[in-house]
Amino acid sequence: MPEKVPRSNDVLAPYFEGEPLDPAEVARAAFTFPAPLRWLGPHTALLELFHGPTAAFKDFGARFLAECLERLGRKATIVVATSGDTGAAVGAAFAGRQGFEVVILYPDGRVSGRQAHQLGAFGGNVRAFKVAGTFDDCQRMAKETLARRPDCTSANSISLGRLLPQLTYYAKTALEVQRQGKGPVSFVVPTGNLGNALACVLVRDMGLPIDRIVLATNANRTLPQFLSSGAYRALPTVATLANAMDVGDPSNLERLLYWHPDPSRVVSADSVDDAAIRETIRRTFDEQGVVVCPHTACGLEVLRRQAAKGTWVVAATAHPAKFETVVEPLIGRTVAPPAALIELLAKPSHAEPLEASTEALLKRLPQH
Ligand SMILES: *Cc1c(COP(=O)(O)O)cnc(C)c1O
(Lines give C-alpha, C1' and ligand atoms only; values in the text may rest on other atoms or scores of the structure.)
Protein backbone atom coordinates (compact mmCIF):
# COMPACT_ATOMS: atom_id res chain seq x y z
CA MET A 1 0.00 0.00 0.00
CA PRO A 2 1.36 3.44 -0.86
CA GLU A 3 1.44 5.81 2.05
CA LYS A 4 -1.69 7.98 2.13
CA VAL A 5 -0.81 11.26 0.48
CA PRO A 6 -2.03 14.12 2.70
CA ARG A 7 -4.49 16.38 0.94
CA SER A 8 -4.92 20.03 1.70
CA ASN A 9 -8.64 19.82 2.54
CA ASP A 10 -7.83 17.24 5.24
CA VAL A 11 -6.61 20.05 7.50
CA LEU A 12 -10.23 21.06 8.05
CA ALA A 13 -11.35 17.67 9.42
CA PRO A 14 -10.45 18.20 13.12
CA TYR A 15 -12.53 21.37 13.29
CA PHE A 16 -15.65 19.58 12.02
CA GLU A 17 -15.51 16.48 14.23
CA GLY A 18 -19.00 15.51 15.34
CA GLU A 19 -20.55 18.12 13.05
CA PRO A 20 -23.02 17.30 10.30
CA LEU A 21 -20.87 18.84 7.55
CA ASP A 22 -18.09 17.15 5.59
CA PRO A 23 -15.57 19.99 5.21
CA ALA A 24 -13.78 18.41 2.24
CA GLU A 25 -17.10 18.25 0.41
CA VAL A 26 -17.93 21.84 1.35
CA ALA A 27 -14.50 22.93 0.13
CA ARG A 28 -14.94 21.12 -3.17
CA ALA A 29 -18.28 22.86 -3.74
CA ALA A 30 -17.04 26.29 -2.59
CA PHE A 31 -13.65 26.43 -4.27
CA THR A 32 -14.60 26.47 -7.93
CA PHE A 33 -11.35 28.27 -8.76
CA PRO A 34 -7.65 27.47 -8.26
CA ALA A 35 -4.92 28.97 -6.01
CA PRO A 36 -1.85 28.53 -8.22
CA LEU A 37 1.77 29.32 -7.43
CA ARG A 38 3.43 31.69 -9.85
CA TRP A 39 7.20 31.26 -9.61
CA LEU A 40 9.17 34.51 -9.94
CA GLY A 41 12.50 32.74 -9.50
CA PRO A 42 13.75 29.34 -8.32
CA HIS A 43 12.99 30.11 -4.67
CA THR A 44 10.34 32.84 -4.79
CA ALA A 45 6.70 32.57 -5.78
CA LEU A 46 3.37 34.36 -5.55
CA LEU A 47 0.41 32.38 -4.21
CA GLU A 48 -2.36 33.76 -6.43
CA LEU A 49 -5.49 33.94 -4.29
CA PHE A 50 -7.45 36.14 -6.68
CA HIS A 51 -9.04 33.74 -9.16
CA GLY A 52 -12.46 33.73 -7.47
CA PRO A 53 -15.61 35.63 -8.52
CA THR A 54 -14.55 38.97 -6.98
CA ALA A 55 -10.82 38.67 -7.63
CA ALA A 56 -9.59 38.76 -4.01
CA PHE A 57 -8.71 36.07 -1.44
CA LYS A 58 -11.88 36.82 0.55
CA ASP A 59 -13.79 34.71 -2.00
CA PHE A 60 -12.38 31.58 -0.32
CA GLY A 61 -13.79 32.47 3.09
CA ALA A 62 -17.07 33.94 1.89
CA ARG A 63 -17.93 31.07 -0.44
CA PHE A 64 -17.06 28.43 2.16
CA LEU A 65 -19.18 30.17 4.79
CA ALA A 66 -22.13 30.48 2.38
CA GLU A 67 -21.84 26.83 1.38
CA CYS A 68 -21.82 25.77 5.08
CA LEU A 69 -24.83 27.87 6.04
CA GLU A 70 -26.85 26.70 3.03
CA ARG A 71 -26.07 23.03 3.71
CA LEU A 72 -27.11 23.53 7.34
CA GLY A 73 -30.47 24.86 6.11
CA ARG A 74 -29.96 28.21 7.80
CA LYS A 75 -32.00 31.24 6.83
CA ALA A 76 -30.64 34.66 7.66
CA THR A 77 -30.13 38.27 6.76
CA ILE A 78 -26.42 38.86 6.53
CA VAL A 79 -25.34 42.38 7.40
CA VAL A 80 -21.88 43.37 6.28
CA ALA A 81 -20.03 46.66 6.59
CA THR A 82 -17.31 47.01 4.00
CA SER A 83 -14.60 49.29 2.71
CA GLY A 84 -14.64 47.28 -0.53
CA ASP A 85 -13.50 43.67 -0.86
CA THR A 86 -15.42 41.98 1.97
CA GLY A 87 -18.82 43.22 0.81
CA ALA A 88 -18.17 42.11 -2.74
CA ALA A 89 -17.01 38.63 -1.71
CA VAL A 90 -19.96 38.13 0.66
CA GLY A 91 -22.43 39.49 -1.92
CA ALA A 92 -21.09 37.17 -4.62
CA ALA A 93 -21.02 34.17 -2.29
CA PHE A 94 -24.66 34.50 -1.18
CA ALA A 95 -26.16 35.88 -4.40
CA GLY A 96 -29.04 33.67 -5.51
CA ARG A 97 -28.86 31.35 -2.48
CA GLN A 98 -32.27 30.40 -1.09
CA GLY A 99 -33.10 31.69 2.38
CA PHE A 100 -30.49 34.44 2.51
CA GLU A 101 -30.66 38.19 2.17
CA VAL A 102 -27.46 40.22 2.12
CA VAL A 103 -27.30 43.82 3.26
CA ILE A 104 -24.08 45.59 2.29
CA LEU A 105 -23.20 48.91 3.91
CA TYR A 106 -20.41 50.94 2.36
CA PRO A 107 -19.26 54.53 2.82
CA ASP A 108 -20.53 56.56 -0.14
CA GLY A 109 -17.69 58.08 -2.16
CA ARG A 110 -14.98 56.26 -0.22
CA VAL A 111 -14.62 53.08 -2.25
CA SER A 112 -13.22 52.97 -5.78
CA GLY A 113 -15.54 53.32 -8.79
CA ARG A 114 -15.12 49.68 -9.71
CA GLN A 115 -15.66 48.55 -6.14
CA ALA A 116 -18.89 50.57 -5.87
CA HIS A 117 -20.13 49.16 -9.17
CA GLN A 118 -19.37 45.62 -8.03
CA LEU A 119 -21.21 46.06 -4.72
CA GLY A 120 -24.39 47.23 -6.44
CA ALA A 121 -24.30 44.76 -9.33
CA PHE A 122 -25.47 41.54 -7.62
CA GLY A 123 -29.14 42.51 -7.35
CA GLY A 124 -31.78 39.96 -6.30
CA ASN A 125 -31.22 38.97 -2.67
CA VAL A 126 -28.20 41.29 -2.29
CA ARG A 127 -28.93 44.93 -1.43
CA ALA A 128 -26.23 47.59 -1.37
CA PHE A 129 -26.62 50.72 0.76
CA LYS A 130 -24.35 53.69 0.13
CA VAL A 131 -24.10 55.28 3.54
CA ALA A 132 -23.55 59.01 3.98
CA GLY A 133 -20.70 58.47 6.42
CA THR A 134 -17.41 56.68 7.05
CA PHE A 135 -16.54 52.98 7.21
CA ASP A 136 -16.66 53.27 11.02
CA ASP A 137 -20.28 54.50 10.74
CA CYS A 138 -21.10 51.47 8.60
CA GLN A 139 -19.48 49.14 11.11
CA ARG A 140 -21.34 50.73 14.03
CA MET A 141 -24.66 50.43 12.16
CA ALA A 142 -23.95 46.78 11.37
CA LYS A 143 -23.07 45.98 15.00
CA GLU A 144 -26.13 47.76 16.41
CA THR A 145 -28.39 46.04 13.91
CA LEU A 146 -26.97 42.62 14.79
CA ALA A 147 -27.57 43.32 18.48
CA ARG A 148 -31.23 44.20 17.88
CA ARG A 149 -32.24 41.74 15.19
CA PRO A 150 -31.68 38.05 16.05
CA ASP A 151 -32.55 37.06 12.48
CA CYS A 152 -29.49 38.99 11.28
CA THR A 153 -25.98 37.58 11.27
CA SER A 154 -22.55 38.88 10.39
CA ALA A 155 -19.96 37.58 7.98
CA ASN A 156 -16.92 39.57 9.07
CA SER A 157 -13.40 38.18 9.23
CA ILE A 158 -13.84 37.13 12.88
CA SER A 159 -16.19 34.41 11.64
CA LEU A 160 -14.54 30.98 11.93
CA GLY A 161 -16.47 30.00 8.83
CA ARG A 162 -14.30 32.45 6.92
CA LEU A 163 -11.04 31.79 8.77
CA LEU A 164 -10.88 28.00 8.50
CA PRO A 165 -11.20 27.62 4.71
CA GLN A 166 -8.06 29.74 4.36
CA LEU A 167 -6.06 26.93 5.98
CA THR A 168 -6.41 24.88 2.80
CA TYR A 169 -4.33 27.05 0.49
CA TYR A 170 -1.47 27.37 2.95
CA ALA A 171 -1.53 23.60 3.47
CA LYS A 172 -1.62 22.98 -0.28
CA THR A 173 1.36 25.29 -0.83
CA ALA A 174 3.41 23.84 2.03
CA LEU A 175 2.86 20.31 0.72
CA GLU A 176 3.53 21.28 -2.89
CA VAL A 177 6.83 23.03 -2.07
CA GLN A 178 7.84 20.09 0.13
CA ARG A 179 7.11 17.62 -2.68
CA GLN A 180 9.28 19.66 -5.03
CA GLY A 181 12.15 19.24 -2.59
CA LYS A 182 12.23 22.97 -1.82
CA GLY A 183 10.64 22.94 1.63
CA PRO A 184 9.95 23.99 4.22
CA VAL A 185 8.36 27.08 2.72
CA SER A 186 8.27 30.51 4.40
CA PHE A 187 5.38 32.91 3.83
CA VAL A 188 4.96 36.66 3.65
CA VAL A 189 1.29 37.56 4.20
CA PRO A 190 -0.04 41.09 3.52
CA THR A 191 -2.09 41.93 6.59
CA GLY A 192 -4.80 44.25 7.87
CA ASN A 193 -7.09 42.50 10.34
CA LEU A 194 -4.84 39.41 10.56
CA GLY A 195 -7.58 37.14 9.21
CA ASN A 196 -5.56 35.63 6.39
CA ALA A 197 -2.25 35.51 8.28
CA LEU A 198 -3.83 33.76 11.27
CA ALA A 199 -4.79 30.87 9.00
CA CYS A 200 -1.14 30.51 8.02
CA VAL A 201 -0.08 30.40 11.69
CA LEU A 202 -2.76 27.79 12.45
CA VAL A 203 -1.60 25.54 9.62
CA ARG A 204 1.97 25.63 10.92
CA ASP A 205 0.70 24.95 14.46
CA MET A 206 -1.00 21.84 13.04
CA GLY A 207 2.40 20.55 11.98
CA LEU A 208 2.60 21.36 8.29
CA PRO A 209 6.07 22.07 6.93
CA ILE A 210 6.21 25.87 7.20
CA ASP A 211 9.30 27.75 8.33
CA ARG A 212 8.91 31.50 8.86
CA ILE A 213 5.77 33.65 8.69
CA VAL A 214 6.26 37.37 8.12
CA LEU A 215 3.42 39.89 8.16
CA ALA A 216 3.49 42.78 5.71
CA THR A 217 1.48 45.84 6.68
CA ASN A 218 1.07 49.14 4.86
CA ALA A 219 1.75 52.43 6.69
CA ASN A 220 -0.63 51.29 9.44
CA ARG A 221 2.09 50.18 11.82
CA THR A 222 0.15 48.84 14.80
CA LEU A 223 1.33 45.24 14.35
CA PRO A 224 5.03 45.86 13.60
CA GLN A 225 5.21 48.25 16.57
CA PHE A 226 3.50 45.78 18.86
CA LEU A 227 5.72 42.89 17.81
CA SER A 228 8.92 44.87 18.24
CA SER A 229 8.01 46.66 21.48
CA GLY A 230 5.69 44.15 23.16
CA ALA A 231 3.32 46.98 24.09
CA TYR A 232 0.01 47.15 22.25
CA ARG A 233 -1.24 50.51 21.13
CA ALA A 234 -4.08 50.83 18.60
CA LEU A 235 -3.28 53.66 16.20
CA PRO A 236 -5.66 55.85 14.21
CA THR A 237 -6.18 54.37 10.74
CA VAL A 238 -4.18 56.00 7.94
CA ALA A 239 -5.45 55.87 4.34
CA THR A 240 -2.99 54.12 2.00
CA LEU A 241 -2.81 52.72 -1.54
CA ALA A 242 -3.34 49.23 -0.09
CA ASN A 243 -6.70 50.29 1.29
CA ALA A 244 -8.03 46.82 2.19
CA MET A 245 -5.32 46.77 4.87
CA ASP A 246 -6.08 50.20 6.34
CA VAL A 247 -6.58 48.94 9.88
CA GLY A 248 -5.33 50.58 13.07
CA ASP A 249 -6.73 48.05 15.55
CA PRO A 250 -6.66 44.54 14.04
CA SER A 251 -9.64 42.51 15.20
CA ASN A 252 -8.07 39.06 14.93
CA LEU A 253 -5.10 39.95 17.13
CA GLU A 254 -6.97 38.75 20.21
CA ARG A 255 -7.23 35.32 18.65
CA LEU A 256 -3.51 35.19 17.84
CA LEU A 257 -2.73 36.20 21.44
CA TYR A 258 -5.01 33.48 22.77
CA TRP A 259 -3.02 30.82 20.94
CA HIS A 260 0.36 32.56 21.22
CA PRO A 261 0.64 34.84 24.26
CA ASP A 262 4.03 35.99 22.97
CA PRO A 263 3.33 36.39 19.24
CA SER A 264 6.83 37.70 18.51
CA ARG A 265 7.98 34.09 18.87
CA VAL A 266 5.81 32.96 15.93
CA VAL A 267 5.63 35.89 13.50
CA SER A 268 7.53 39.03 12.61
CA ALA A 269 6.19 42.08 10.79
CA ASP A 270 7.34 44.99 8.71
CA SER A 271 5.59 48.04 7.32
CA VAL A 272 5.64 49.44 3.76
CA ASP A 273 4.71 53.03 2.95
CA ASP A 274 2.97 54.26 -0.21
CA ALA A 275 6.22 55.35 -1.89
CA ALA A 276 7.64 51.84 -1.50
CA ILE A 277 4.35 50.32 -2.73
CA ARG A 278 4.58 52.40 -5.91
CA GLU A 279 8.25 51.57 -6.39
CA THR A 280 7.60 47.83 -5.92
CA ILE A 281 4.72 47.76 -8.42
CA ARG A 282 6.92 49.55 -10.96
CA ARG A 283 10.01 47.40 -10.33
CA THR A 284 8.14 44.08 -10.35
CA PHE A 285 6.67 44.96 -13.72
CA ASP A 286 9.96 46.25 -15.18
CA GLU A 287 12.11 43.39 -13.96
CA GLN A 288 9.73 40.44 -14.14
CA GLY A 289 6.84 41.53 -16.33
CA VAL A 290 4.47 40.74 -13.46
CA VAL A 291 1.74 43.18 -12.40
CA VAL A 292 0.78 43.11 -8.71
CA CYS A 293 -1.87 44.88 -6.62
CA PRO A 294 -0.79 47.35 -3.89
CA HIS A 295 -1.38 44.77 -1.11
CA THR A 296 0.74 42.14 -2.80
CA ALA A 297 3.38 44.83 -3.38
CA CYS A 298 3.67 45.27 0.41
CA GLY A 299 4.43 41.55 0.66
CA LEU A 300 7.07 41.64 -2.09
CA GLU A 301 8.80 44.64 -0.56
CA VAL A 302 8.93 43.00 2.88
CA LEU A 303 10.42 39.90 1.26
CA ARG A 304 13.05 42.01 -0.52
CA ARG A 305 14.14 43.42 2.86
CA GLN A 306 14.52 39.96 4.44
CA ALA A 307 17.82 38.11 4.39
CA ALA A 308 15.77 35.35 2.84
CA LYS A 309 17.18 31.84 2.97
CA GLY A 310 15.06 28.99 1.61
CA THR A 311 11.85 29.12 -0.40
CA TRP A 312 9.53 32.09 0.06
CA VAL A 313 5.93 32.51 -1.05
CA VAL A 314 4.11 35.85 -0.93
CA ALA A 315 0.30 35.70 -0.69
CA ALA A 316 -1.07 37.69 -3.66
CA THR A 317 -4.33 38.87 -2.14
CA ALA A 318 -6.07 40.66 -5.04
CA HIS A 319 -5.97 40.92 -8.81
CA PRO A 320 -4.23 44.17 -9.86
CA ALA A 321 -7.18 45.10 -12.11
CA LYS A 322 -9.21 45.77 -8.96
CA PHE A 323 -6.83 48.63 -8.19
CA GLU A 324 -6.33 49.87 -11.71
CA THR A 325 -6.31 53.56 -10.77
CA VAL A 326 -3.17 52.94 -8.70
CA VAL A 327 -1.47 50.32 -10.83
CA GLU A 328 -2.02 51.45 -14.44
CA PRO A 329 -0.30 54.87 -14.23
CA LEU A 330 2.73 53.22 -12.57
CA ILE A 331 3.28 50.63 -15.28
CA GLY A 332 2.08 52.76 -18.19
CA ARG A 333 -0.44 50.29 -19.56
CA THR A 334 -3.92 48.98 -18.85
CA VAL A 335 -4.51 45.80 -16.88
CA ALA A 336 -7.19 43.49 -18.27
CA PRO A 337 -9.68 42.46 -15.58
CA PRO A 338 -10.33 38.73 -15.15
CA ALA A 339 -13.49 37.34 -16.83
CA ALA A 340 -15.57 37.20 -13.65
CA LEU A 341 -14.86 40.85 -12.91
CA ILE A 342 -15.69 41.90 -16.49
CA GLU A 343 -19.02 40.11 -16.22
CA LEU A 344 -19.90 41.85 -12.96
CA LEU A 345 -18.81 45.26 -14.23
CA ALA A 346 -21.00 44.84 -17.32
CA LYS A 347 -24.13 44.40 -15.19
CA PRO A 348 -26.25 47.36 -14.13
CA SER A 349 -25.50 48.52 -10.61
CA HIS A 350 -27.79 50.04 -8.01
CA ALA A 351 -27.14 51.21 -4.45
CA GLU A 352 -29.76 52.70 -2.11
CA PRO A 353 -28.70 55.94 -0.41
CA LEU A 354 -28.92 55.81 3.38
CA GLU A 355 -28.16 58.24 6.19
CA ALA A 356 -25.59 57.03 8.74
CA SER A 357 -28.18 55.94 11.30
CA THR A 358 -29.11 52.49 12.60
CA GLU A 359 -32.77 53.53 12.94
CA ALA A 360 -32.87 54.42 9.27
CA LEU A 361 -31.37 51.04 8.35
CA LEU A 362 -33.78 49.07 10.57
CA LYS A 363 -36.74 50.72 8.80
CA ARG A 364 -35.43 49.46 5.46
CA LEU A 365 -34.86 45.83 6.50
CA PRO A 366 -37.52 43.19 5.89
CA GLN A 367 -39.42 42.13 9.05
CA HIS A 368 -39.24 38.47 9.99
C1 LIG B 1 -8.90 42.03 3.16
C2 LIG B 1 -7.67 42.16 2.35
C3 LIG B 1 -6.38 42.11 2.93
C4 LIG B 1 -6.17 42.00 4.41
O5 LIG B 1 -6.59 40.78 4.91
P6 LIG B 1 -6.74 40.54 6.49
O7 LIG B 1 -7.30 39.20 6.61
O8 LIG B 1 -7.65 41.62 6.98
O9 LIG B 1 -5.39 40.68 7.07
C10 LIG B 1 -5.28 42.19 2.10
N11 LIG B 1 -5.41 42.34 0.77
C12 LIG B 1 -6.62 42.39 0.18
C13 LIG B 1 -6.70 42.55 -1.29
C14 LIG B 1 -7.79 42.30 0.93
O15 LIG B 1 -8.99 42.37 0.35
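Me: Which residues does Thr296 touch, not counting residues up to four places away in sequence?
Reply: In this predicted model, Thr296 touches Leu46, Pro190, Val314, Ala315, Ala316, Thr317 and Ala318. Thr296 itself is found in helix α12, residues 294-305.

Me: Is Thr296 buried or exposed?
Reply: Go by relative accessibility: anything under 20% is called buried. Thr296 has 1%, so it counts as buried.

Me: What does the side chain of Thr296 reach?
Reply: For a polar contact, look for a pair of N or O atoms within 3.5 Å. Here the side chain of Thr296 reaches the backbone nitrogen of Thr317 at 3.3 Å. The C-alpha atoms of these two threonines are separated by 6.1 Å, although Thr296 and Thr317 are 21 residues apart along the chain.

Me: Now the sheet. How do I read its strands, and what is their order?
Reply: Start from the pairing: strands of a sheet pair through backbone hydrogen bonds, either parallel or antiparallel. In this model there is an open sheet of six strands, ordered β1-β2-β10-β7-β8-β9, and the pairing is mixed. At the edges sit β1 (37-41) and β9 (268-271), each of which pairs on one side only. From one strand to the next, the twist averages 25°.

Me: How many bridges join β2 to β10?
Reply: Five, and the two strands run parallel; β2 covers residues 44-48 and β10 covers residues 311-316.

Me: Which strands does α12 lie across?
Reply: For this one, compare the helix direction with the strands under it. α12 lies across β1, β2, β7 (185-190), β8, β9 and β10, and runs at about 160° to β10. Helix α9 (residues 222-229) lies across β8 (210-217) and β9, with an angle of about 135° to β9.

Me: Where is Thr280, and what does it touch?
Reply: Thr280 is in helix α11, residues 274-288. Leaving out residues up to four places away in sequence, Thr280 touches Ala297, Leu300 and Glu301. Its relative accessibility is 1%, so Thr280 counts as buried. The side chain of Thr280 reaches the backbone oxygen of Ala276 at 2.6 Å.

Me: How do I read the buried side of a helix, and which residues of α1 are buried?
Reply: An α-helix has 3.6 residues a turn, so residues three or four places apart point the same way. In α1 (residues 23-30), the buried ones are Pro23, Ala24, Val26, Ala27 and Ala30. They're on the same side of α1 because they cover an arc of only 160° around the axis. What they pack against is α2 (58-71).

Me: What caps the N-terminal end of α1?
Reply: Asp22 does, with a side-chain oxygen that lies 3.0 Å from the backbone nitrogen of Ala24.

Me: Last one, the cysteines. How many disulfides are there?
Reply: The test is a pair of cysteine sulfur atoms within 2.5 Å, and the count comes to zero. Take Cys138: the nearest cysteine sulfur is that of Cys152, 15 Å away, and Cys138 is in no disulfide. Cys138 has 0% relative accessibility and therefore counts as buried.

Notes: Residues are numbered from 1 along each chain as its sequence is written. This is a predicted model: local features need pLDDT of at least 70, side-chain atom pairs count only at pLDDT 80 or more; totals for chains, interfaces and linings use all residues. Side-chain values use heavy atoms; hydrogens and water are left out. Buried means under 20% relative accessible area, exposed over 50%, partly exposed in between (1.4 Å probe, protein chains only). Helices (H or I, at least four residues) and strands (E, at least two) are DSSP runs, numbered from the N terminus. The arc is that of the directions from the helix axis to the C-beta atoms. Contact means heavy atoms within 4.5 Å. A polar contact is a pair of N or O atoms within 3.5 Å; within protein, one must be able to donate a hydrogen and the other to accept it, and residues adjacent in sequence count only if both atoms are side-chain atoms. Two strands pair if DSSP finds at least two bridges between them. Axes are lines fitted to C-alpha atoms, for helices over the stretch in contact, and angles run from 0 to 180 degrees between N-to-C directions.
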